[in-house]
Amino acid sequence: MVEIIKHPLIQDKLTRMRKTTTPTLIFRQNLKELTQLLMYEATKHLKVNEIEIETPVVDKAVGFKISNPIQLVAILRAGIGMVDAAKELLPNAPIGYVGLYRNEETLKPVKYYFKMPQPRSDAIVFVLDPMLATGGSAIAAIDLIKKEHKQEKIVFVGIVGCPEGISALSKAHPDVDIYLAAEDEKLNDKGYIIPGLGDAGDRIFGTK
Ligand code: PRP
Ligand code: URA
């Protein structure tokens with residue numbers, strides 16, 4: 001399942017991120033706000049259990065608790081820009097990191113870091129990365145999460161995708177739901193999304 005969330009707030013914030021003139025601080029702020037809006041949508045199918053609670057007015061009322069444990073996994077570097085927003089919404093979720101960079105010539109992802117929380121058979125893992133370009137990084141991260149971290153239920157949350165990346169990820173991992181703020185036109189010959197927003201990692205960390 002692929003869901004592109006077209007909401008005026010999302011479109012407005014994404015436009016700010018796309019603009020070349022947007023400074024690092026505003027780029028980060030909009031990425032954080034967009035992540036909260038996307039996570040709100042991406043968590044809408046989570047199951048809840050009824051629990052009994054006491055309120056200041058009555059001894060017994062019905063409350064709800066998310067039934068599955070949640071884990072967050074950020075793909076380095078750019079996924080770091082989404083972690084604060086996701087952890088504010090899901091404060092009990094442990095956080096893992098997968099370090100991947102794209103080889104600039106082959107565009108293939110290279111792994112340099114992998115640190116996960118304790119696996120839980122019933123956990124739902126939200127993988128965070130703003131960009132789904134060739135799809136190589138998301139596919140490699142999810143391969144690792146399935147094979148080495150032994151988690152099966154995975155949701156991908158990104159900001160900008162393109163037909164090439166969406167189709168590659170859907171083909172490699174058809175069981176993974178994908179939530180994005182936009183599906184852009186295509187990739188250019190350097191593997192950048194057009195119109196996109198440039199190199200997300202560089203824009204978040206001010207490295208170019
Ligand atoms: C970017 C981005 C994704 C990846 C997407 O990371 O954050 O992880 O590219 O491209 P793909 O779908 O073609 O794999 P990058 O490799 O630039 O590393 P960085 O986040 O450290 O800058
Ligand atoms: N990674 C990015 O950060 N931006 C793109 O457009 C493609 C891959």
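## Nonpolar cores

The largest nonpolar core of this predicted model holds 38 residues, and those with the most contacts inside it are Phe-126, Val-157 and Ile-159. A nonpolar core here is a set of buried Ala, Val, Leu, Ile, Met, Phe, Trp, Tyr and Cys residues joined through side-chain atoms within 4.5 Å, where buried means under 20% relative accessible area, exposed over 50% and partly exposed in between, with a 1.4 Å probe and protein chains only. At least two residues of this core come from each of helix H1 (8–18), helix H2 (24–42), S4, helix H3 (80–89), S7, strand S9 (153–157) and helix H6 (200–205), and H2 gives the largest share, 6 residues. Helices (H or I, at least four residues) and strands (E, at least two) are DSSP runs numbered from the N terminus.

Apart from this core lies another, of 22 residues, among them Leu-100, Met-116, Ile-166 and Leu-180. In soluble globular proteins, nonpolar side chains tend to be buried together. Ile-159 is in contact (heavy atoms within 4.5 Å) with residues including Leu-14, Leu-31, Leu-34, Leu-38, Met-82 and Leu-180, when residues up to four places away in sequence are not counted.

In strand S4 (residues 70–76), 7 of the 7 residues are buried. In a regular strand the side chains alternate between the two faces of the sheet. Both faces of S4 are covered, with Ile-70, Leu-72, Ala-74 and Leu-76 buried on one side and Gln-71, Val-73 and Ile-75 buried on the other.

Two strands are taken to pair if DSSP finds at least two bridges between them. S4 runs parallel to strand S7 (residues 124–128), to which 5 bridges join it, and the bridge partner of Ile-70 in S7 is Ile-124. S4 also pairs in the parallel sense with strand S5 (residues 95–102) over 5 bridges, and here Leu-72 stands opposite Ile-95.

## Surroundings of ligand 2

The residues around ligand 2 (those with a heavy atom within 4 Å of it) are Arg-102, Met-131, Ala-133, Gly-191, Tyr-192, Ile-193, Gly-198, Asp-199 and Ala-200. An oxygen atom of the ligand is 2.8 Å from a polar backbone atom of Ile-193, a nitrogen atom is 2.8 Å from one of Gly-198, and an oxygen atom is 2.8 Å from one of Ala-200. Taken alone, ligand 2 exposes 230 Å², of which the protein buries 89%; these areas come from the Shrake-Rupley method with a 1.4 Å probe.

Asp-184 lies in the loop between strand S12 (182–183) and strand S13 (186–187), and it is buried because its relative accessible area is 7%. A polar atom of the Asp-184 side chain lies 2.8 Å from the backbone nitrogen of Gly-196. Pro-195 is found in the loop between strand S14 (193–194) and H6, and a cis peptide bond with omega of about -5° joins Ile-194 to Pro-195.

A cis peptide bond also joins Leu-76 and Arg-77, with omega of about -10°, and Arg-77 is in the loop between S4 and H3. Lys-150, in the loop between helix H4 (136–147) and S9, has a positive phi of about 55° although it is not a glycine, and it counts as exposed because its relative accessibility is 59%.

## Basis of the values

Residues are numbered from 1 along each chain as its sequence is written, while chains are lettered from A and ligands numbered from 1 in the order in which they are written. In this predicted model, local features need pLDDT of at least 70 and side-chain atom pairs count only at pLDDT 80 or more, whereas totals for chains, interfaces and linings use all residues, and side-chain values use heavy atoms, with hydrogens and water left out.

How values were computed. A polar contact is a pair of N or O atoms within 3.5 Å; within protein, one must be able to donate a hydrogen and the other to accept it, and residues adjacent in sequence count only if both atoms are side-chain atoms.
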